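Please look at the sequence and the 3D structure before reading on.

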Amino acid sequence: MFTAATWAQACDMVTAEMRDFVNSFVTPISIYDAQSPQFGAAWGTGNYVIHEDRTFLITAEHNFSRCKPPEWIAHLPDPQSHYVPIPKNPITISWPVDAASVKVQPLILSIGQVAIPQHLIATHFQAVEMELFFLLGFPGTNLKRNDPALPGARKESWFGVLQLEGKPITLQRSSAVVNHEAYDQVRHVVLDYPAMGNKVGEEGFVDFPHPKGLSGSFLWNTRYLETVSNGNKWTPADARVCGLVIAALEGPQVILASRIEDIRAGLTGVFA
């Protein structure tokens, strides 16, 4: 169906269109010290979901549990304004699912982000062979994929402004054998996350960003191959949320994502 050239073009197209489609659904998550409110640092990624007129923020559970008082975390419902503290009453699911949700104030559609409608969220993880998956997350550093995550590398601000750029990343499931103690073959999806990859609109390879900060990103099944193999025209509206990014491993170089059915089962009241 594809030559090397047409496959590269298809991947570029899917990445660009998914970036524009998903961008309004996501938020960077920052960490701050309640005793020094002007300080903030990059921490993770969150996603807005709406259910029965209630708006929820969903992210990885460890983005909450790794905060140590007086630290707490905040989200950015309006990219042109300030970070807003996240309520301290999340519903959480521990590892190996590692997911959390918390009710937040309704989003003001005219000025900021929007929430993902329920029909864009899959009931369970299912994908055709070689399918393209997508995430949009906020790397917390300027490091490359294989750089050591040294203390002090995290992006931070002492002046009340913390600008973080979302990174669109298109991936495929990995065939690598994973023996890491953190891996659960029933609850986790494994995706290749190498040191280098292609960048939309550019020839050659570029460095992938360090995965720190990507935790909490929704994993989207683009359903591109599924759609075009059935003779239909693909649009990003065909994509469905199918998981949640929770970890990156060094050997093999992969990302782990929790399956959507386990997230649904644990985060009661969030999904239809």
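Ile116 touches Phe25, Tyr48, Val49, Ile50, Ile121, Phe218, Trp220 and Val241, leaving aside residues up to four places away in sequence. The model in which these contacts are found is a predicted one.

**Nonpolar cores**

Ile116 belongs to the largest nonpolar core, which has 65 residues. Within this core, Ile73, Ile116 and Trp220 touch the most other members. Which strand gives the most to this core? Strand β2, residues 36–51, does, with six residues. Another core, of 15 residues, lies apart from it, and Phe125, Leu135, Tyr193 and Ile255 are among its members.

**The sheet and a helix**

Six strands form an open sheet with antiparallel pairing, and their order is β10-β8-β14-β15-β16-β11. Strands β10 (167–171) and β11 (188–192) stand at the edges; each has a single partner strand, so one side of each is left without a neighbour in the sheet. From one strand to the next, the twist averages 35°.

Inside this sheet, how many bridges join β15 to β16? Six bridges do, between residues 240–249 of β15 and residues 254–259 of β16, and the two strands run antiparallel. As one example, Ala247 has Leu256 in β16 as its bridge partner.

Helix α1, made of residues 4–22, lies across β8, β10 and β14 (218–221). The helix runs at about 50° to β8.

| Residue | Loop | Relative accessibility |
|---|---|---|
| Thr141 | between β8 (133–137) and β9 (156–157) | 5% |
| Pro106 | between β7 (99–104) and β8 | 55% |

Is Thr141 buried or exposed? Buried means under 20% relative accessible area, and Thr141 counts as buried because its relative accessibility is 5%. The side chain of Thr141 reaches the backbone nitrogen of Leu143 at 3.0 Å. Thr141 also touches Ala153, Arg154, Lys155, His210 and Lys212, again not counting residues up to four places away in sequence.

For Pro106 the cut-off that applies is the one for exposed residues, over 50%. Pro106 counts as exposed because its relative accessibility is 55%. Pro106 and Ala41 are 65 residues apart in sequence, and their C-alpha atoms are 25 Å apart in space.

Notes: Residues numbered from 1 in each chain as written. Predicted model: local features only at pLDDT ≥ 70, side-chain atom pairs only at ≥ 80, totals over all residues. Heavy atoms only, no water. Helix = DSSP H or I, 4+ residues; strand = E, 2+ residues; numbered from the N terminus. Buried < 20%, exposed > 50% of the residue type's maximum accessible area, 1.4 Å probe, protein only. Polar contact = N/O pair within 3.5 Å; in protein donor to acceptor, adjacent residues only side chain to side chain. Contact = heavy atoms within 4.5 Å. Pairing = 2+ DSSP bridges. Axes fitted to C-alpha atoms, helices over the stretch in contact; angles between N-to-C directions. Core = buried A, V, L, I, M, F, W, Y, C linked by side-chain atoms within 4.5 Å.
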